[in-house]
Amino acid sequence: MDFSLTGDQQSLQNAARRFAKEELAPMAAAIEDSGEPVSPEFRKRLASLGFLGINVDPRLGGLGLGNLEALIVLEEFAKVSSALAFPVFESSVGPVRAIEHFGSDALKNRVVPAVCRGDIVVAVSMSEPEAGTALTDLRTRATPDGGDIVINGTKRWCSGGGHADGYVVYCRFSGEPGAGSIGAVYVERDTPGVSFGERESLMGFRGIPSADIHFDDARVPEDHVIVPAGGFRKLMQAFDLERCGNATMALGQAAGALEDVLEYVQERKQFGKAIVEFQAVQLKLAEMAMRVDASRLLIHRAAASAEKGLPGIYESSVAKCYANEIAREVTGAAVQLMGGYGYSRAYPMERRMRDAWGWGIAGGTIDIQKINIASAMVGRRFDQRR
Ligand SMILES: Cc1cc2nc3c(=O)[nH]c(=O)nc-3n(C[C@H](O)[C@H](O)[C@H](O)COP(=O)(O)OP(=O)(O)OC[C@H]3O[C@@H](n4cnc5c(N)ncnc54)[C@H](O)[C@@H]3O)c2cc1C
């Protein structure tokens with residue numbers, strides 16, 4: 001067992017770190033102010049630098065590297081800003097991977113290379129007003145009709161809602177309740193019958209717009225079905241990788257906070273000496289570092305367990321749950337260590353704390369990850385309804 005990155009992985013990490021510090025850091029505050037997502041030009045620049053579709057099949061426009069490489073880059077970007085890291089997240093661990101794994105050749109050839117080029121953004125639309133944790137209660141209907149699929153329903157909390165060009169929409173293909181009739185369909189933003197609610201005002205996630213999506217007899221061709229009824233398990237398998245991406249976004253908040261605060265406590269003087277000289281500060285730093293290191297190892301284990309495929313639910317849920325918890329703790333500790341400067345919006349620390357909280361809800365709450373973990377441990381699902 002070797003815990004060190006290879007020479008190539010270190011070079012990739014250094015390139016991502018340099019780019020993030022030099023180019024992303026100055027952009028992060030502006031995005032936080034405006035709340036606007038990154039521009040298409042910026043996405044194309046990321047693509048030209050090899051930061052999009054890192055672990056995607058080269059025949060579909062990716063770099064063909066492993067999940068670990070993608071997550072290494074994602075962490076460096078996320079240390080600076082969730083919004084600036086989002087195109088990397090979407091193109092390497094996002095819903096486009098479900099299209100790559102399960103979509104028809106025609107659909108994957110059209111969508112996946114366009115995402116890797118930075119031409120389009122694809123979001124996932126699972127949650128509904130009445131179906132959050134209880135996702136299998138979703139009501140959005142997909143009805144086959146004369147070679148098309150007609151979609152009706154309302155989705156909620158979609159990150160990228162209104163902004164993304166395409167949506168992987170979880171739908172029910174018949175009136176039968178439960179997971180058995182659920183599949184997923186690809187829907188483009190401009191499809192007649194698709195409309196969006198007001199942009200949500202969230203505690204964090206500035207620059208990652210989200211909104212309700214309404215489907216009113218929205219018609220798409222049959223080859224837009226990514227996974228037909230009965231494929232919920234497949235969708236959840238693809239989601240295991242997205243979970244590792246969520247974990248890495250959370251880790252990025254914590255690791256970025258730790259890096260910044262480490263510098264701060266060596267510069268900031270109180271009582272005539274740098275505050276790092278106080279033992280209480282030293283203990284706090286060590287506690288933060290232990291959490292960040294452990295989180296990174298759990299994420300890398302989940303990624304390595306799957307090499308270029310999809311990670312298992314146990315490893316990905318442990319990685320997400322732990323990263324979500326420690327990100328809240330570590331960013332909170334960093335805000336505290338920076339005193340008034342930590343609480344000020346002039347510095348990125350409070351933003352990291354707000355974003356860290358969101359990653360522990362998005363992609364399934366912390367507690368539901370714990371239920372996944374216990375299920376994997378005993379080898380069966382726990383019925384939440386009885
Ligand atoms: C920042 C952000 C981004 C998001 N992005 C997307 C996206 O891109 N696409 C998308 O489809 N959705 C997205 N979501 C929605 C997200 O997946 C849901 O918010 C999440 O699954 C929880 O659902 P809910 O909000 O309806 O809460 P609820 O399901 O109502 O849960 C409320 C509380 O009850 C607890 N709870 C519920 N059931 C159980 C149980 N059986 N056992 C123990 N505790 C339970 C939960 O843990 C939680 O603490 C996003 C959410 C956020 C905050």
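Ala, Val, Leu, Ile, Met, Phe, Trp, Tyr, Cys and Pro count here as nonpolar, Asp, Glu, Lys and Arg as charged, and the others, Gly among them, as polar. The structure is a predicted model, in which local features need pLDDT of at least 70 and side-chain atom pairs count only at pLDDT 80 or more, while totals for chains, interfaces and linings use all residues. Residues are numbered from 1 along each chain as its sequence is written, and side-chain values use heavy atoms, with hydrogens and water left out.

**View 1. The shell of residues around the ligand.** The ligand is surrounded by 18 residues, and the closest are Met 126, Ser 127, Thr 133, Thr 365 and Gln 384; a residue is near a molecule if one of its heavy atoms lies within 4 Å of it. By class, the shell consists of 9 nonpolar, 8 polar and 1 charged residues.

**View 2. Polar atoms facing the ligand.** A polar contact is a pair of N or O atoms within 3.5 Å; within protein, one must be able to donate a hydrogen and the other to accept it, and residues adjacent in sequence count only if both atoms are side-chain atoms. A polar backbone atom of Met 126 lies 2.7 Å from an oxygen atom of the ligand. An N or O atom in the side chain of Ser 127 is 2.8 Å from a nitrogen atom of the ligand, and a polar side-chain atom of Ser 159 is also 2.8 Å from a nitrogen atom of the ligand. Of the 970 Å² of accessible area that the ligand has on its own, the protein covers 67%; accessible areas come from the Shrake-Rupley method with a 1.4 Å probe, and for residues only the protein chains shown count as cover. Strand S1 (122–125), strand S3 (148–159) and helix H12 (366–378) are the elements that give two or more residues to this shell. Helices (H or I, at least four residues) and strands (E, at least two) are DSSP runs, numbered from the N terminus.

**View 3. Strand S3 and its paired strands.** Two strands pair if DSSP finds at least two bridges between them. S3 pairs with strand S7 (residues 210–221) in the antiparallel sense over 9 bridges, and Thr 154 has His 214 in S7 as its bridge partner. His 214 also stands opposite Ser 195, and strand S6 (residues 194–196) runs antiparallel to S7, joined to S7 by 3 bridges. Strand S2 (residues 141–145) pairs with S3 in the antiparallel sense over 5 bridges, with Ala 142 opposite Ile 151 in S3. In the hairpin of S2 and S3, with 2 residues between the strands, Gly 146 takes a positive phi near 55°.

**View 4. Asp 240 in helix H7 (residues 232–267).** Asp 240 counts as buried because its relative accessibility is 5%; buried means under 20% relative accessible area, exposed over 50%, and partly exposed in between (1.4 Å probe, protein chains only). The side chains of Asp 240 and Arg 243 are joined by a polar contact of 2.4 Å. Leaving aside neighbours within four places in sequence, Asp 240 is in contact (heavy atoms within 4.5 Å) with Pro 311, Gly 312, Ile 313 and Ser 316.

**View 5. Leu 310 in the loop between helix H8 (279–306) and helix H9 (313–337).** Leu 310 counts as partly exposed because its relative accessibility is 25%. Apart from neighbours within four places in sequence, Leu 310 is in contact with His 101, Gln 237, Ala 238 and Leu 241.
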